[in-house]
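Here are a few exercises to work through with the model open beside you. Try each task before reading its solution.

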Amino acid sequence: MSGAVIILQARMGSARLPGKSLAQIGARRLVSHCIARLLVGSAAPVMLATTIDPDDDVLVEAARPYCIPVFRGAVDDVLLRYVQAARSVNARYVVRATADNPLTDIDAPERMLRALRETGADHVVEDGLPYGAAVEAVTVDALRRAAIQATEADDREHVTPLIRRDRSRYTALTLPAPRGLQRPDLRVTIDTADDLDAMRAVAFRMHNWVTVPELSQAIRVMDACAAESRVA
């Protein structure tokens, strides 16, 4: 979509699993898997948005082989970071993705941008995908207004809660995910060491993710692993 950008937020300072963005999963590091999946979808240009903390210099280097722009901004005020990153490329629409999620649905950014344009909403997200497979789309105008209005730390750290919550000032839509991908019982995000181990096991079963697999393929492998565990 003209005027759109996919912004992948990442930082090294995770509270639960520090440094996870550079954790190795099969053939790539976590942040690299995230970038690769967003690029394959090609819904819009991809940008990495990290912080001015020197610890995040390594993320800038990790993004370099993919030839994507990098924006560096506030450490804790992620909402402001998004506004400034979007403005730096004169974007009107943003897809928000996070570097916790090595199995983001490849086609989700395109679906969300199309829905945002067709409905005229401020924010669009899908319901029913595996936890960690979704992205959200939001207008830069809504982000800008939220950056002025948001006073709670959680609203600024997590970017869109105010937009999704305040129905008097924003139009936020939740759409059903594609039927074949509706598996909210599955978890494909990385927040803990157990999550990391689980994704490494899935990657191992899928040729170490040398290529970029479809989410549906990963779901089948996860179901097979679960079935084997029940038998054992």
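**Exercise 1. Find out whether the radius of gyration of the protein chain agrees with that of a compact globule.**

Step 1: for 232 residues, a compact globule would have a radius of gyration near 17 Å; the rule is 2.2 Å times the number of residues to the power 0.38, and the radius is taken over C-alpha atoms.
Step 2: the protein chain has 17 Å, so the two agree.
Step 3: along its principal axes, the C-alpha trace spans about 55 × 40 × 30 Å.

Some ground rules: this is a predicted model, where local features need pLDDT of at least 70, side-chain atom pairs count only at pLDDT 80 or more, and totals for chains, interfaces and linings use all residues. Residues are numbered from 1 along each chain as its sequence is written, and side-chain values use heavy atoms, with hydrogens and water left out.

**Exercise 2. Work out the strand order of the open sheet and name the strands at its edges.**

Step 1: the protein chain has 9 helices and 9 strands, which are DSSP runs numbered from the N terminus (helices: H or I, at least four residues; strands: E, at least two).
Step 2: the open sheet has 7 strands in the order 5-4-1-6-8-7-9, with mixed pairing; two strands pair if DSSP finds at least two bridges between them.
Step 3: from one strand to the next, the twist averages 25°.
Step 4: strand 1 (residues 4–9) and strand 4 (residues 46–51) run parallel and are joined by 4 bridges, and Leu-8 stands opposite Leu-48 in strand 4.

**Exercise 3. Classify how helix 3 packs against helix 5.**

Step 1: helix 3 (residues 78–88) and helix 5 (residues 140–149) pack at about 140°, with axes 9 Å apart; axes are lines fitted to C-alpha atoms, for helices over the stretch in contact, and angles run from 0 to 180 degrees between N-to-C directions.
Step 2: helix 3 is therefore oblique to helix 5 (under 35 degrees is roughly parallel, over 145 roughly antiparallel, 65 to 115 roughly perpendicular, the rest oblique).
Step 3: Leu-79, Tyr-82, Val-83, Ala-86 and Arg-87 of helix 3 meet Val-140, Leu-143, Arg-144, Ala-146 and Ala-147 of helix 5, contact meaning heavy atoms within 4.5 Å.

**Exercise 4. Repeat the classification for helix 8 and helix 9.**

Step 1: helix 8 (residues 193–205) and helix 9 (residues 215–231) pack at about 105°, their axes 10 Å apart.
Step 2: the two helices, helix 8 and helix 9, are therefore roughly perpendicular to each other.
Step 3: Met-199, Val-202 and Arg-205 in helix 8 meet residues of helix 9, including Val-221 and Glu-228.
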